[in-house]
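Let's take a walk through this structure together, going from its sheets to its cores and aromatic rings. Keep the 3D view open as you read.

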Amino acid sequence: MTPPLSADLLEPALLPFGESTMLPAEAYTSPDVLAWERRHFFAASWVCVGRVEAVFADGRRQVATTVGDIGVLLLSEDDGGVAAFANTCRHRGHELLPEGGTSVKRAVVCPYHAWSYDLSGALIAAPGFREVASFDPGAHGLVRLPAEVWHGWVFVNALGGAAPLSSHIGGLDGLVAPYAPSSLVLGATHDYVVAANWKVVTENYHECYHCPLIHPELCQVSPPTSGSNFDLPGVWVGGSMDLRDGAETMSFSGRSDGAPIAGVDPRTVLYLGLLPNLLLSLHPDYVMTHRMVPLAPDRTQVECAWYFTSADVDPAYAVEFWDTTNRQDWGACESVQRGLSSPHFSPGPLAPNEDAVHQLVTTIARGYRDGGLTG
Ligand code: FES
Ligand SMILES: [Fe+2]
């Protein structure tokens, strides 16, 4: 497989920390690189498509989405499980639902010639084929794709053939499990469209070198130089930050309007990025996610969601703090995107407290070189 960027362009990003740089401009601006990433970093890997109760809200049984460059039909099975199939009819390939489409029906009926399938993907009717002796309905079920629910979030491997989700997640599970996210309640979501590449958003998330300049509110409750990074198995990057004395959580006042999550460190916030598209922030009293969908080399949809210990919590204290912080970050990311689009841009070195960015950049650069994401 041909890497999307040449070895000499990637070499500076693969140097040891202290000597390495960010990725070359093409990694953030080229439509060809994004097309390659959609297939090899997204479709070939495990992508988070959302929280299970949000994906199947309002009694939906069928949801069509795109994972990387592949159309996927998510089905809510009768036993409560989640199944994923190629959104491709086994007759002549029509999509079963249009991208973004949903249905509450228990049969999947192709809109072209009405082949129909049940929620396990089995073909149940193909008009006109009853008289065709050679036709075997059992050989024409939908193409099933690997799908799993991890702590309440649905993950799909749209190309098939990825290593198990458990090895993709690796040591991240031990950090996330104490927060018991599937027992938390979704309190709020915000959708943003950021005029920057998905990796610019991810890199920004993984460093607080910028915090003293653009996040005065955050620095009030969390010292920007605190914490340390993890180096555990799995295809993720992340670290911790501490809360200042007297701060209970990340909010404008440092006070929480929620309740502590039992059994987790009350003084620490974890910032974890599971490649390619789910950023998790674990606070003493809430969990926040940023789920990214690349729209173009310079456009990324970001769904931000907040989860609390009960539906009675008013989420405003966390949502307003992070909406302010998010907008500060998006402004910086959009400026970076414009700057690295300049013909005068060249990849700069990483500072001593950008070690998580180095981990991320080397994971991406190795992924380009080797043809996919590995831990
Ligand atoms: S393409 Fe679906 S029924 Fe013909
Ligand atoms: Fe930030």
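Leucine 75 has alanine 83 of strand S4 as its bridge partner, in a model that is predicted. Strands S3 and S4 run antiparallel and are joined by 5 bridges. The hairpin they form has 5 residues between the strands, and within this hairpin glycine 80 takes a positive phi near 90°.

Are its residues buried or exposed? In S4 (residues 82–86), 5 of the 5 residues are buried, so the strand is largely enclosed by the rest of the structure. In a regular strand, side chains alternate between the two faces of the sheet. In S4, Val82, Ala84 and Ala86 point one way, Ala83 and Phe85 point the other way, and all are buried. Phenylalanine 85 also has a bridge partner in S9, arginine 144; S4 and S9 run antiparallel and are joined by 2 bridges.

Stepping back, these strands belong to an open sheet of 5 strands with antiparallel pairing, in the order S5-S2-S3-S4-S9. Strands S5 (102–103) and S9 (144–145) stand at the edges with a single partner strand each, so one side of each has no neighbour in the sheet. There is also an open sheet of 3 strands, ordered S6-S7-S8 and paired antiparallel. Its edges are S6 (108–109) and S8 (123–125), each with a single partner strand, so one side of each is left without a neighbour in the sheet.

| Strands | Bridges | Bridge partners |
|---|---|---|
| S2 and S3, antiparallel | 6 bridges | threonine 65 and valine 72 |
| S3 and S4, antiparallel | 5 bridges | leucine 75 and alanine 83 |
| S4 and S9, antiparallel | 2 bridges | phenylalanine 85 and arginine 144 |
| S6 and S7, antiparallel | 2 bridges | valine 108 and tyrosine 117 |

Now for the nonpolar cores. Which residues touch the most other members of the largest nonpolar core? Among its 76 residues, they are Met250, Trp306 and Tyr368. Helix H10 (residues 316–340) gives the most to this core, with 8 residues. Domain 1 (47–156) and domain 2 (170–346) both contribute residues, so the core lies between them. Beyond its neighbours within four places in sequence, tryptophan 306 is in contact with residues including Leu186, His190, Tyr286, Met288 and Trp322. A second, separate core has 24 residues, among them Trp46, Val176, Leu184 and Leu280.

How many aromatic pairs does the structure hold? It holds 18. One of them is the edge-to-face pair of tryptophan 36 and phenylalanine 41, with 5.3 Å centre to centre and 85° between the planes. Tryptophan 36 is buried, with a relative accessible area of 10%, and phenylalanine 41 is buried too, at 0%. Tyrosine 286 and phenylalanine 308 form a tilted pair, 5.7 Å centre to centre with 35° between the planes. This pair links distant parts of the chain, 22 residues apart: tyrosine 286 lies in strand S16 (residues 286–296) and phenylalanine 308 in strand S17 (residues 299–308). Both tyrosine 286 and phenylalanine 308 are buried.

Finally, ring pairs link Trp150, Trp153, Phe155 and Tyr307 into a cluster. Over the ring of tryptophan 153 sits the charged end of arginine 51, 5.3 Å from the ring's centre.

Notes. Residues numbered from 1 in each chain as written. Chains lettered and ligands numbered in written order. Predicted model: local features only at pLDDT ≥ 70, side-chain atom pairs only at ≥ 80, totals over all residues. Heavy atoms only, no water. Phe/Tyr/Trp six-rings, centres within 6.5 Å; stacked < 30°, edge-to-face > 60°. Buried < 20%, exposed > 50% of the residue type's maximum accessible area, 1.4 Å probe, protein only. Helix = DSSP H or I, 4+ residues; strand = E, 2+ residues; numbered from the N terminus. Lys NZ or Arg CZ within 6 Å of the ring centre and 35° of its normal. Core = buried A, V, L, I, M, F, W, Y, C linked by side-chain atoms within 4.5 Å. Domains from an automatic or database assignment. Contact = heavy atoms within 4.5 Å. Pairing = 2+ DSSP bridges.
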